[in-house]
Amino acid sequence: MNLSRNQHTIASSCQLSGRGYWTAKEVQVVMHPAPVDTGIVLVRSDLPDRPSCPAHVSHRTDAKLRTNIAQGSAKFEMIEHLMAALYAMEIDNCIVEIDGIEFPGLDGSSKPYIDTLAGAGLIIQAAERPRLVIDQLITLREGSSWISAAPVPLGTSHFGYQLAFDQPGVIANQSYGFSCTPIRFSRDVAPARTFVSEDQAKALRARGIASHVSYSDLLVFGENGPIENEVRFKNECARHKALDLVGDLALVGVELIGKFISYRGGHSLNGRMANALHELAIQSQARRQSGFFSDRRHAA
Ligand SMILES: [Zn+2]
């Protein structure tokens, strides 16, 4: 049975700060409660007139290794770890101000966001959450990668990721899947950190990117495992990829009921699935509205 639940916002404003991986800029993120049906709206508090952009897939822009959105001068980068935290905590409505373009890297995970939001508390709001129940199998492919959305019998949201490499390397093949609830996400997924291989880290630094990022700011895998760091879970990389999947699909802007699995996919494939799910959400809303009006005609 699929019982709809009510929308939530945070009970009080809260904030955190840190430096962006790509821009190295120190930024402050302030999150505020918002009325029903606001959705998640990002605001550039550092720009004149404070331009804003709904955190929605219709504003997604293509970028490598991160998820960005933009509307006019309101540009935001690396929003996925914030979005995963908001989605998993079932926060539907929130105004998020940031005084820069890029969200902070923090420790590479969603845990600092979860801790901050949990500290703010939640309020139940007097409106139903919009939701999309997957009733057909959807599979999208990109080279050897694929992503699928499938129906589930029990009205849950399941996210899974399979990490596999063509050649054995410093990061092992691994997988992870979980049913998304605030408790499960906070405990098992939110602490999983961003990762790169030592070669990738060197290549980024050679391009002048992320020179301020240290081995404690994310996982950098060398031949003997994480350099100057330790994994929090044996399959932390697959857990982090599942976290990214949640954050990217959160841009559909509705509660997702289904099983979402990615095999070797990244932000671009996640973005294509978010678009496909958004189309389905529009169709199912149109069906509901036409059903509503025909019922009313019948009743009259
Ligand atoms: Zn990530």
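Analyst: Leaving out residues up to four places away in sequence, Phe159 touches Gly177, Phe178, Cys180, Ala242, Leu245, Val246 and Phe260. "Touching" here means that the C-beta atoms of two residues, placed from the backbone, lie within 7 Å. Before we go on: this is a predicted model, where local features need pLDDT of at least 70 and side-chain atom pairs count only at pLDDT 80 or more, while totals for chains, interfaces and linings use all residues. Residue numbers start from 1 along each chain, as its sequence is written.

User: Okay, why is Phe159 called buried?

Analyst: The cut-offs are 20 or more other C-beta atoms within 10 Å for buried, 12 or fewer for exposed, and anything in between for partly exposed, with C-beta atoms placed from the backbone. Phe159 has 26 C-beta neighbours inside 10 Å, so it counts as buried. You'll find Phe159 in strand β14 (residues 157–163). As for Gly177, its C-alpha atom is 5.5 Å from that of Phe159, although the two are 18 residues apart along the chain.

User: Why is α1 called oblique to α2?

Analyst: Start with the axes, which are lines fitted to C-alpha atoms, for helices over the stretch in contact, with angles running from 0 to 180 degrees between N-to-C directions. The axes of α1 (residues 80–88) and α2 (residues 111–120) cross at roughly 40 degrees and come within 9 Å. Under 35 degrees is roughly parallel, over 145 roughly antiparallel, 65 to 115 roughly perpendicular, and the rest oblique. That makes α1 oblique to α2.

User: Which residues make that contact, and how do they divide by class?

Analyst: On α1 they are His81, Leu82 and Ala85, and on α2 they are Tyr113, Ile114 and Leu117. Ala, Val, Leu, Ile, Met, Phe, Trp, Tyr, Cys and Pro count as nonpolar, Asp, Glu, Lys and Arg as charged, and the others, Gly among them, as polar. By that rule the contact of α1 with α2 has five nonpolar residues, one polar and no charged.

User: What makes α1 roughly perpendicular to α5?

Analyst: Their axes cross at roughly 80 degrees and come within 7 Å. The perpendicular range is 65 to 115 degrees, which means α1 is roughly perpendicular to α5. This contact has six nonpolar, two polar and three charged residues.

User: Which residues of α2 are buried, and what covers them?

Analyst: Lys111, Pro112, Tyr113, Ile114, Leu117 and Ala120 are buried in α2. Their cover includes β1 (6–10), β2, α1 and α3 (182–189). Just after α2, Gly121 takes a positive phi of about 80 degrees.

User: Now the sheets: how do you know that β3 and β9 pair?

Analyst: Two strands pair if DSSP finds at least two bridges between them. β3 (residues 26–33) and β9 (residues 94–98) have five bridges, in the antiparallel sense, so they qualify. Val30, for instance, has Glu97 in β9 as its bridge partner. Both strands belong to an open sheet of five strands with mixed pairing, in the order β2-β3-β9-β4-β5.

User: Why do β2 and β5 stand at the edges?

Analyst: β2 (14–19) and β5 (52–54) each have a single partner strand, so one side of each is left without a neighbour in the sheet. Direction ignored, neighbouring strands of this sheet are turned by 20 degrees against each other on average.

User: How many bridges join β6 to β7?

Analyst: β6 and β7 have two bridges in the antiparallel sense, and the rule asks for at least two. The two strands form a hairpin with six residues between them, and Leu65 in the turn has a positive phi of about 65 degrees. β7 and β8 also form a hairpin, with two residues between them and Gly72 in the turn at a positive phi of about 60 degrees. The open sheet has three strands in the order β6-β7-β8, with antiparallel pairing.

Terms used: Helices (H or I, at least four residues) and strands (E, at least two) are DSSP runs, numbered from the N terminus.
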